[in-house]
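Look through the structure, then read on.

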Amino acid sequence: MDLISSLFYDLPLLYILYLIWKIIDRKRHQNCYILDYECHKPTDDRMLSTKFSGEIIMRNKNLGLNEYKFLLKAAVSSGIGEQTYAPRMVFHGREACPTYEDGILEMEEFFHDSIDKLFKRNKISPCEIDVLVVNISMLATMPSMAARIINYYKLREDIKVYNLTGMGCSASLISLNIIENIFKNEKNKVALVVTSESLSPNWYSGSDRSMILSNCLFRSGGCAILLTNKLSLKNKAMFKLKQLVRVHHGAKDEAYDSCAQREDNQGNTGFHLDKKLPKAASRALVDNLKQIAPLILPIRELLRYSITIFMKKMNWSTTKGGPKPMINFKTGVDHICLHTGGKAVIDGVGANLNLSEHDLEPARMTLHRFGNTSASSLWYVLGYMEAKKRLKKGDTMLMISFGAGFKCNSCLWEVLRDLDNGNVWKDCIDNYPPKSIVNPFMAQFGWLHDHEDPDTFTIPDDYFIS
């Protein structure tokens, strides 16, 4: 009787303990880990030299002397070097009339290279993939690109699949957000994220200056990322996701119109980059950082910043009219992984966050070596940090990306082990950073400034590559 009575009184306590254990166990299985990633390095026959870049520009019959000078100025200040990659149809002289298959072949070349390497290196079978997220903003096919991957690798019939388009350069973190939410509700899953951009059908052949800039900036690339929430794979993981914040300013017309795919007056489709883009990016960044800062920074830094702002508003500051108070993100973040949106974007974020050249070096070198590879650019920056052996166990890394809409997304990762894999940088990391990242465009095309009259200007007969 005493035993029954004891059990009767202990049952509520045991049930409470069971619920606590269940909550803890569920929490343990909700973590999002990166097992590995593989950035795509196109073959050398797709590498854009300065001279060939000039030939591509001069093949465009819609351009004249003034546009050549504009592009020369843009290229010289772009921060992009001579080893970036373009789609194959450019080398075949078909950038003005790409085919549907050009876009698909560009993506399949990336898929088969990066995904194959990722599976082989991690000894993962395609049938082990539970979730697939593919983001390619400016290529919509039927069947989808995700379906093509499923067909090629014969993935399981019950796989959860998401195919994202139109999300721009910030799509990688949107894909991660999808994976994160799935992992919160389902245990023991393995996910594959495939992120890239298809340039083949989106090469601009008109003369609108706001649209032709994209030809100078965007380059071919892509990345495949393997993620899991399996506790059995935790010891193999590289990173653990700590926080993820997304901000969307699409309701603001100025931000919405700052970068968009559209047609020019002649019916040529291209990607418009507005003069208001830096302002839109800055505002989106500020709003994003307002949300993520309290989640990742120590209380002492938040208090210091709040007190400094309060004193300045009350005119109690000892330095009248001094510099604007800035929060120090390096108090809670060891590394900054920044989207290579362009030299102006890197400079702007560096100024807003008061970052050093050491902090900005990975983004600058990635822009120089690979250009802006859209949503996959973050992973090339991450690869640079890893190849330089910067990432040590226990470090934290903040990823920041921008995208059309206008969006700013960020996330914080914890490094789970010392990392030193060269990845896509292994054959050239010893050459970076170079003594100078000045590209040779001015030396090659400075002669354009010798001409003043667009009506009498002609391209030299001996310029084109035979």
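## A salt bridge across the chain

Arg121 is partly exposed, at 37% relative accessible area. (Buried means under 20% relative accessible area, exposed over 50%, and partly exposed in between, with a 1.4 Å probe and protein chains only.) The two side chains meet in a salt bridge, 2.7 Å from N to O. The pair links distant parts of the chain: Arg121 sits in helix α5 (residues 100-122) and Glu38 in strand β1 (residues 33-39), 83 residues apart. Helices (H or I, at least four residues) and strands (E, at least two) are DSSP runs, numbered from the N terminus.

This is a predicted model: local features need pLDDT of at least 70, side-chain atom pairs count only at pLDDT 80 or more, and totals for chains, interfaces and linings use all residues. Residues are numbered from 1 along each chain as its sequence is written, and side-chain values use heavy atoms, with hydrogens and water left out.

## Salt bridges within helices

Side chains of opposite charge can pair when their charged atoms come close. A salt bridge here is a side-chain nitrogen of Lys or Arg within 4 Å of a carboxyl oxygen of Asp or Glu. The whole structure holds 23 of them.

Helix α5 has one between Asp113 and Lys117, at 3.1 Å from N to O. These residues are four apart in the helix, so about one helical turn separates them. Lys117 is partly exposed, with a relative accessible area of 40%.

Glu301 and Arg304 form another salt bridge, with their closest N and O atoms 2.7 Å apart. They lie three residues apart in helix α11 (residues 299-313), so again about one helical turn separates them. Glu301 is buried, at 5% relative accessible area. Arg304 is partly exposed, at 35%. Elsewhere, salt bridges with shared partners join Asp45, Arg46, Arg88 and Glu109 into one network.

## The largest pocket

A pocket is found on a 1 Å grid over the protein atoms alone: it is an open set of points with protein on both sides within 12 Å along at least five of seven lines, and lining residues have an atom within 4 Å of a point. Grid points are joined across faces, edges and corners, and a volume is the space filled by probe spheres set on the points.

The largest pocket has a volume of about 1,200 Å³. It is lined by 49 residues; Leu213, Leu217, Leu273, Leu277 and Gly341 lie nearest its centre. Elements giving two or more residues to this lining include α3 (65-76), α8 (209-217) and β10 (396-403). The largest share, seven residues, comes from α8. By class, the lining has 23 nonpolar, 18 polar and eight charged residues. (Ala, Val, Leu, Ile, Met, Phe, Trp, Tyr, Cys and Pro count as nonpolar, Asp, Glu, Lys and Arg as charged, and the others, Gly among them, as polar.)

## The second largest pocket

The second largest pocket holds about 470 Å³ of space. Its lining has 17 residues, with Val286, Tyr305, Lys324, Ile327 and Asn352 nearest the centre. Helices α10, α11 and α12 each give two or more residues. The most, seven, come from α10. The lining divides into 13 nonpolar, two polar and two charged residues.

## Cysteines

A disulfide is a covalent bond between the sulfur atoms of two cysteines. It is counted here when a pair of cysteine sulfur atoms lies within 2.5 Å. The search of the whole structure finds zero. Cys39 is in no disulfide; the nearest cysteine sulfur, that of Cys223, is 3.9 Å away. Cys39 is buried, with a relative accessible area of 2%.

How values were computed: 1 Å grid on protein atoms, 1.4 Å probe; cavity = no way out; pocket = protein on both sides within 12 Å on 5 of 7 lines; lining within 4 Å.
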